[in-house]
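Reader: I'd like to go through this one with you and ask what stands behind the labels. Could you show it to me?

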Amino acid sequence: MELFDHLKFKIVRRKIKIAFPEATDARILGAAARLKAEELVEPILIGNKEEIAEKANARGLNAENFIILDPESYDGWDAMVEAFIERRNGKATKEDAEKTLKDVNYFGTMLTYMGFADGMVSGAIHSTGDTVRPALQIIKTKPGVSRTSGAMIMVRGRDQEKYLFADCAINVNPTAQELAEIAVSSAATAELFDIDPKVAMMSFSTKGSAKAEEALKVVEATRIAHELAPDLCLDGELQFDAAYVSSVGQLKAPDSQVAGKATVFVFPELQSGNIGYKIAQRLGGFEAIGPILQGLNKPVSDLSRGCNEEDVYKLSIITAAQSLVD
Ligand SMILES: CC(C)(COP(=O)(O)OP(=O)(O)OC[C@H]1O[C@@H](n2cnc3c(N)ncnc32)[C@H](O)[C@@H]1OP(=O)(O)O)[C@@H](O)C(=O)NCCC(=O)NCCS
């Protein structure tokens, strides 16, 4: 089964509610209409009703089919303000809350936090920071995960060769502890996409071949990851060829369960992760799906501003599927 068919099968007719803070954008509206018609997601559109109706009409859609919530006239406003102040725990006054929650991303994040939505998809208009920051502050990371991170699912060819790359989006220079947590979160995300996680902790060194501080960070991260998840099939530090090419893996790391067979690639910092996935995409012909934010208590997904309707549709399906995982 193709990747998305599989995810659709998991979410169809489960009435999973996804908040869309950018509901006046034609790409969002088009995707929301498809998701609703196919009973994959129950979209919650955020914004001014008249404005959304106007944009929907212009696209030949009927806004009356949607749940629309406007921060300016929301029935549950007072309760939301109170919940926000409580969650920010001394970091926001009532005045701050009243102002902040008018921001559609904060409003959508609070709907998700309070359980009125199961997840949120934004970022078609807003920057990564503006999309993700509310989730970091309000939804926060799961116990045992100190940093959220961004995974890319890399898919190629008719037989749907699949890998997970992380962190490609969030943490500029994670510590060894953070890197270990990214590895454990990545393995869980991989399973959601039916990728059997064999996690390679990536470096320019394989099993001590280089002694630089950067490589030692990966050695330490590997040690910590083993402690955090003793049953996880994980190894490091490995160069890409040792992790991916069976003959090189056997030569450079003969005792490794992962070398030559890796399916999950954890990069030592954001530059290599972000550059790495784009090389695979542009030179290797892989489709890059994501970034999928992992490790949050509830899923929030960040679109690229260059996205199209299909990207919104796909990321919403992923977000809905993530919401089914504890
Ligand atoms: C994600 C990002 C926008 C957060 O930036 P920020 O808002 O400046 O972060 P701050 O340090 O001010 O922290 C804001 C809050 O989020 C929390 N936070 C920040 N990064 C976090 C992370 N990775 N995981 C969990 N929480 C995080 C902080 O603890 C803080 O919480 P608090 O307000 O309750 O104290 C930032 O990490 C970033 O810009 N990353 C790179 C993104 C990028 O350019 N990617 C390029 C490829 S897409």
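Author: Here is a run of questions about the labels in this model, with the cut-offs behind them.

Author: A word on the ground rules: this is a predicted model, where local features need pLDDT of at least 70, side-chain atom pairs count only at pLDDT 80 or more, and totals for chains, interfaces and linings use all residues. Residues are numbered from 1 along each chain as its sequence is written, and side-chain values use heavy atoms, with hydrogens and water left out.

Reader: What makes Val12 partly exposed?

Author: Buried means under 20% relative accessible area, exposed means over 50%, and partly exposed is in between (1.4 Å probe, protein chains only). Val12 comes out at 26%, so it is called partly exposed.

Reader: Where is Val12 found?

Author: In the loop between helix H1 (3-11) and strand S1 (17-20). Helices (H or I, at least four residues) and strands (E, at least two) are DSSP runs, numbered from the N terminus.

Reader: Which residues does Val12 touch?

Author: Leaving out residues up to four places away in sequence, Val12 touches Glu38, Glu39 and Leu40. Contact here means heavy atoms within 4.5 Å. As for Ala320, which is 308 residues apart from Val12 along the chain, the two C-alpha atoms are separated by 9.6 Å.

Reader: Which domains is the protein chain divided into?

Author: Domain 1 (3-140 + 296-322) and domain 2 (149-288). Those bounds come from an automatic or database domain assignment. Taken over C-alpha atoms, the domain centres are separated by 31 Å. Nine residues from domain 1 and nine residues from domain 2 make the contact.

Reader: What area do domain 1 and domain 2 bury between them?

Author: About 740 Å², with 66% of it on carbon and sulfur atoms. Buried area is the accessible area (1.4 Å probe) that two parts lose on being put together, summed over both.

Reader: Why is the pair Lys314 and Glu287 called a salt bridge?

Author: The rule asks for a side-chain nitrogen of Lys or Arg within 4 Å of a carboxyl oxygen of Asp or Glu. Lys314 and Glu287 meet at 3.0 Å, N to O, so the pair qualifies. Between domain 1 and domain 2 the count is one salt bridge. On the domain 1 side that touches domain 2, the elements giving two or more residues are H1 and helix H13 (309-322).

Reader: How many salt bridges does the rule count, and how do you know that Arg147 and Glu178 make one?

Author: The count comes to 16 salt bridges. Arg147 and Glu178 meet at 3.9 Å, N to O, which is within 4 Å and therefore counts. Arg147 lies in the loop between helix H7 (128-139) and strand S5 (149-156), and Glu178 lies in helix H8 (residues 176-192), so the pair ties together parts that are 31 residues apart in sequence.

Reader: Are Arg147 and Glu178 buried or exposed, or partly exposed?

Author: Arg147, at 39%, is partly exposed. Glu178 has a relative accessible area of 18%, which is under 20%, so Glu178 is called buried.

Reader: Which residues are linked in a network of salt bridges?

Author: Arg34, Glu38 and Glu310. Glu38 is also one of the residues that Val12 touches.

Reader: Which peptide bonds are cis?

Author: Among them is the bond joining Ala166 and Asp167, with omega about -20°. Asp167 is in the loop between strand S6 (161-166) and H8. The bond from Gly236 to Glu237 is cis as well, with omega near -10°, and Glu237 has its place in strand S8 (residues 234-238).
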